[in-house]
Protein chains: 2
Amino acid sequence: MRAELINTGSELLLGRVLNTHQQWIGKQLTEAGYELAIQQTVPDTGSSIEVAVSGAIERSELVIVTGGLGPTGDDMTRQRIAEFLEVSLVEHQETRDRIISHFQKRNRPMPESVMVQAQVPEGSTVLPNEHGTAPGLAVPTSKGWLILLPGPPRELRPMYTAYVAPFLIEELPPTRQMVTRTIKTMGIGESVVEECINKELSKFVAKGLEIGYCARMGEVDVRMVAYGSSGPRLIKESEVIVRQCLEKYVFGVDEDRLEDFVVRGLTERNQTLVVAESCTGGYLAHRLTNVSGASAVFLAGHCVYSNESKESILGLPRTALEKGAVSQSVAREMAERIRVLHEADYALATTGIAGPTGGTEEKPVGTVYIAISTAQGTRVIKEFNSCDRETFKHVTSQQALNLIRREWYKKTRHSGGL
Amino acid sequence: MRAELINTGSELLLGRVLNTHQQWIGKQLTEAGYELAIQQTVPDTGSSIEVAVSGAIERSELVIVTGGLGPTGDDMTRQRIAEFLEVSLVEHQETRDRIISHFQKRNRPMPESVMVQAQVPEGSTVLPNEHGTAPGLAVPTSKGWLILLPGPPRELRPMYTAYVAPFLIEELPPTRQMVTRTIKTMGIGESVVEECINKELSKFVAKGLEIGYCARMGEVDVRMVAYGSSGPRLIKESEVIVRQCLEKYVFGVDEDRLEDFVVRGLTERNQTLVVAESCTGGYLAHRLTNVSGASAVFLAGHCVYSNESKESILGLPRTALEKGAVSQSVAREMAERIRVLHEADYALATTGIAGPTGGTEEKPVGTVYIAISTAQGTRVIKEFNSCDRETFKHVTSQQALNLIRREWYKKTRHSGGL
């Protein structure tokens, strides 16, 4: 069974908006045993949508289209698809009622233009929108189904989970079993990863294992895919090999993020963490608090952006700051003081020059000091992350979180574990 | 001139990795006067890449392909494209030297496999990679150029800026002038926006103005596009109309984010801001510190995640917290205390239940209190943001930043400005 995804929206092609649907829908399909053969983004014009959709429904049993179902003049998907499938649009009473109640609940005036959203191609199944006004639609095609979904992620995602996923299992059950597993590593290069595991895995590759690599910002993913009834065993045995080869670099699998690993590790150890951030500006706290359950182990984060706040919150002496807030000693003091202040087991601190301005010859943009403090002592590393401001924050936060991972790894080794 | 983008990578289709290239490259092209006609994502398999690329170079003068140039076995782009274009691969000495020096500088062992990256299709132009080992390639086609770029954004972006952008201007100068302008609004629905401006803009639409709308998480973009020599004037006149119609909802244009608006406004007014975050967990500070120049106006952010930290940092009385940290009074106290502590002009505070756990019947997941404090007084709003954890943080931070925008708007009105 072949599946395709078409995202409509000129704003995506103009680079005004990030396309998050591709990743999200791709993940849902993969987990349910479907595989996207191709994804396309086309402009809002009727002809582009028609070319893309008519080609896709000829090739593929499942075609998902996002966007263009809204009430404004550039929303053409519904109308155009009904036209070329040669079915008429009919008003769907339940949707009409839902739209009216949507506006009533919010106490907002209802422009008449919104009612175009209650028009549905004859013979299609309506997928209710519980977070907006445009319903989704499942339209039968000669090979299978064309699923139309609204563009806003807040509307699309709950609709997919509640209506599309069960609909697909019923109408287009996955034809072959697919198992995927991704092993996530940190602190090792992509080509070295491959060199480490390639020979060891060759016998599994001969049996049908597919291996892919993906490198980004300090991490390398090893992605394994296998099909059929022997798939789960193939993946399981391969994972053992990969873990043996890359042991000290592995921090998780599949959806795991480094922050998940850290929060999980703290929870298991019944330990606590605080952070003092200068150059990462709250991003480290943000990553940690994205993990559900973080509140039990992450006590507090301080974004001490100005020297005054480093003084008033952390009690750092002004003389030290005046000598240079981006220094090994300030990073050390930040970590130690914040740990003691909150009586935490671990403290992380960052101070550096994110840029684009603020660099000097001695300390160019990209210079950063990162400290980890525990009751046993404090360690500071110096890194040089030469990249744009947001990447700088991400890479620096990776290096900071990795300091905790390395603490734990060292301990396990010393205690004879693993 | 027609342009297409092809992103290769099974990890994108499996939903393991977010495709940020589409937005970034789309934006670069738009700004330079090119327009993407379509974007596709295809798996890492040689045949998928071949089908996509061979179709694209027949249709389009400019085809950009990302990914698949690395050293691992699943990197097939270079090899496969040389095969179907029937050109041989030759070793590029300068690239070979660059790769050797890349590993030497980092003091890392060099696996022999990396040298495949020095192989280039005969007759192509090499685009040096200053942040990695795989160079980009510009390969001549019958209609124009095929540009191959490495997958990692850290490598692709600087390469594009330094080599691809000037190469395109030289080899494929844009054939028609395109002007785009996006007006960004907040606090008004998409269909109401259209209703407000539609009639007023109809005479410009008759002259060739294209209008698009994009709604997401509290914001609605009005995107205007016009072509040819009259384009700039058409856009300029339309912008005046849009601003008149939507005045109190407009916060910026084009790339402006609400955080840019806030930091810019503070800088102009020579005022300062601090934040105390519970449920937004550092995300508000993160957004503010993403803005270059924030350090002059954003003094500090405190992610007071535990009740202990609300007590120790903000001095909130334990009795108040025990009655419920998610409350109007706690939000108020957080904002007032943090503002006084740092002697700031504005303080924002958030406290709420991000979920997925922690809700009660009285205060379900999604409940949030947001406070703004100034020397004139403190105001608290209650919102209900029922969505996933990360969206919750984003929407809540939007509402918080919008409180400052509304303060300023009210002041301008009262002082008779605008």
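# A guided look at two matching chains

Visitor: Through which surface do the copies meet, the same or a different one?
Guide: Welcome! This is a predicted model. Of the interface residues of chain A, 100% are also interface residues in chain B, so the copies meet through the same surface.

Visitor: What kind of axis relates the two copies?
Guide: In general, two copies of a chain are related by a rotation about an axis and a shift along it. Here chain A can be laid on chain B by a turn of 180 degrees, with a shift of 0.0 Å along the axis and an RMSD of 0.1 Å. The copies are thus related as by a two-fold rotation axis.

Visitor: Which strands stand at the edges of the open sheet in chain A?
Guide: Four strands form this sheet, in the order β10-β11-β9-β12, and the pairing is antiparallel. Two of these strands each have a single partner strand, so one side of each is left without a neighbour in the sheet. The twist averages 20 degrees from one strand to the next. The edge strands are β10 (210-216) and β12 (250-253).

Visitor: What is the bridge partner of A:Met178 in β11(A)?
Guide: Strand β9 of chain A (residues 178-186) is joined to strand β11 of chain A (residues 219-227) by nine bridges, and the two run antiparallel. In β11(A), the partner of A:Met178 is A:Tyr227.

Visitor: Where does A:Pro356 lie, and what is omega for the bond from A:Gly355?
Guide: A:Pro356 is found in the loop between β15 (346-352) and β16 (367-374) of chain A. The peptide bond from A:Gly355 to A:Pro356 is cis. In chain B, the bond from B:Gly355 to B:Pro356 is cis too, with omega near 5 degrees. For the bond in chain A, omega is near 5 degrees.

Visitor: Is A:Glu86 buried or exposed?
Guide: A:Glu86 sits in the loop between α4 and β4 (89-91) of chain A. Although A:Glu86 is not a glycine, its phi is positive, at about 55 degrees. Its relative accessible area is 73%, and over 50% counts as exposed, so A:Glu86 is exposed.

Visitor: What about A:Asn270: buried or exposed?
Guide: A:Asn270 lies in the loop between α9 (258-269) and β13 (273-277) of chain A. Phi of A:Asn270 is near 60 degrees, a positive value in a residue other than glycine. At 69% relative accessibility, A:Asn270 counts as exposed.

Visitor: How far apart in space are A:Glu237 and A:Lys143?
Guide: A:Glu237 belongs to helix α8 (residues 231-246) of chain A. A:Glu237 is partly exposed, with a relative accessible area of 27%. A:Glu237 and A:Lys143 are 94 residues apart in sequence, and in space their C-alpha to C-alpha distance is 38 Å.

Notes:
Residues are numbered from 1 along each chain as its sequence is written. Chains are lettered from A and ligands numbered from 1 in the order in which they are written. This is a predicted model: local features need pLDDT of at least 70, side-chain atom pairs count only at pLDDT 80 or more; totals for chains, interfaces and linings use all residues. Side-chain values use heavy atoms; hydrogens and water are left out. Buried means under 20% relative accessible area, exposed over 50%, partly exposed in between (1.4 Å probe, protein chains only). Copies are superposed by least squares on the C-alpha atoms of residues with pLDDT of at least 70 in both. Contact means heavy atoms within 4.5 Å. Two strands pair if DSSP finds at least two bridges between them. Axes are lines fitted to C-alpha atoms, for helices over the stretch in contact, and angles run from 0 to 180 degrees between N-to-C directions.
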